[in-house]
Amino acid sequence: MGGDRLENKTSVSVASWSSLNARMDNRFATAFVIACVLSLISTIYMAASIGTDFWYEYRSPVQENSSDLNKSIWDEFISDEADEKTYNDALFRYNGTMGLWRRCITISKNIHWYSPPERTESFDVVTKCVSFTLTEQFMEKFVDPGNHNSGIDLLRTYLWRCQFLLPFVSLGLMCFGALIGLCACICRSLYPTIATGILHLLAGLCTLGSVSCYVAGIELLHQKLELPDNVSGEFGWSFCLACVSAPLQFMASALFIWAAHTNRKEYTLMKAYRVA
């Protein structure tokens with residue numbers, strides 16, 4: 001009789017432990033899957049924002065379809081000697097857009113020959129872009145844009161460099177975190193995901209830093225170079241993607257760290273319970 005009771009009690013304990021362990025595994029697996037989805041979406045958003053040219057957009061009145069003027073503006077815009085003031089004046093005047101890698105303006109399609117002044121429905125315009133070279137990315141900004149004798153503006157210089165470098169650091173951290181997460185799946189353990197969560201937290205901070213540097217840089221630039229009349233500027237959808245990517249990275253980080261930490265803690269308690 002006593003032996004039967006002890007055996008039944010042991011069976012119930014084992015069954016209860018197995019049931020609880022299964023519920024724990026399902027809960028942590030769900031959190032892990034959600035974190036992976038959030039990580040994937042944030043990575044796509046971050047890559048798209050880096051590769052597109054709509055971090056900031058200018059809206060200006062339609063310019064006259066003058067072949068000589070368009071050709072002159074375009075030649076200055078693509079020139080290796082184009083300074084910050086030169087290409088920003090073109091951006092202000094010709095519905096320019098700015099990305100991390102390129103600057104674009106919208107001008108008449110016929111810039112090398114005469115075109116009639118009357119406008120068609122589409123006004124025969126085309127968007128032309130120029131990539132920033134690495135030299136331009138790390139070039140010093142001046143207190144008075146375009147005036148090399150005005151002294152170096154260290155704040156704007158380092159804000160520009162940070163807004164260029166930090167998104168790549170963020171993307172690299174997320175990719176490295178994905179490799180660690182893959183190793184965790186192969187090993188069938190949630191412990192390595194703590195490192196994945198920390199990397200995503202750092203990636204989110206880098207993304208947030210990049211967005212903040214970009215906003216500060218634009219505001220400081222517009223204090224130096226005031227927008228002309230009838231010209232307005234606004235942050236574009238590429239910038240919005242980066243803004244959305246940051247909270248997604250933070251949420252993925254929180255889920256990764258919670259799942260790994262809580263799983264380890266409850267596994268230790270269940271092990272102690274099983275021994276007892």
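Two strands pair if DSSP finds at least two bridges between them. Helices (H or I, at least four residues) and strands (E, at least two) are DSSP runs, numbered from the N terminus. The model is predicted: local features need pLDDT of at least 70, side-chain atom pairs count only at pLDDT 80 or more, and totals for chains, interfaces and linings use all residues. Residues are numbered from 1 along each chain as its sequence is written, and side-chain values use heavy atoms, without hydrogens and water.

**Exercise 1.** Determine the strand order of the open sheet and state which strands stand at its edges.

*Solution.* Step 1: the sheet has 5 strands in the order β4-β3-β2-β1-β5, with antiparallel pairing. Step 2: β4 (125-131) and β5 (232-235) each have a single partner strand, so they stand at the edges and one side of each lacks a neighbour in the sheet.

**Exercise 2.** Describe how helices α5 and α6 pack.

*Solution.* Step 1: α5 (residues 154-187) and α6 (residues 193-224) pack at an angle of about 160°, with axes 7 Å apart. Axes are lines fitted to C-alpha atoms, for helices over the stretch in contact, and angles run from 0 to 180 degrees between N-to-C directions. Step 2: that angle makes α5 roughly antiparallel to α6 (the class for angles over 145 degrees).

**Exercise 3.** Locate the salt bridge of arginine 156 and state which helices it ties together.

*Solution.* Step 1: a salt bridge is a side-chain nitrogen of Lys or Arg within 4 Å of a carboxyl oxygen of Asp or Glu; the count comes to 7. Step 2: arginine 156 meets glutamate 84 at 2.8 Å, N to O. Step 3: arginine 156 lies in α5 and glutamate 84 in α3, so the pair ties together parts that are 72 residues apart in sequence.

Technical notes
Parallel < 35°, antiparallel > 145°, perpendicular 65-115°, else oblique.
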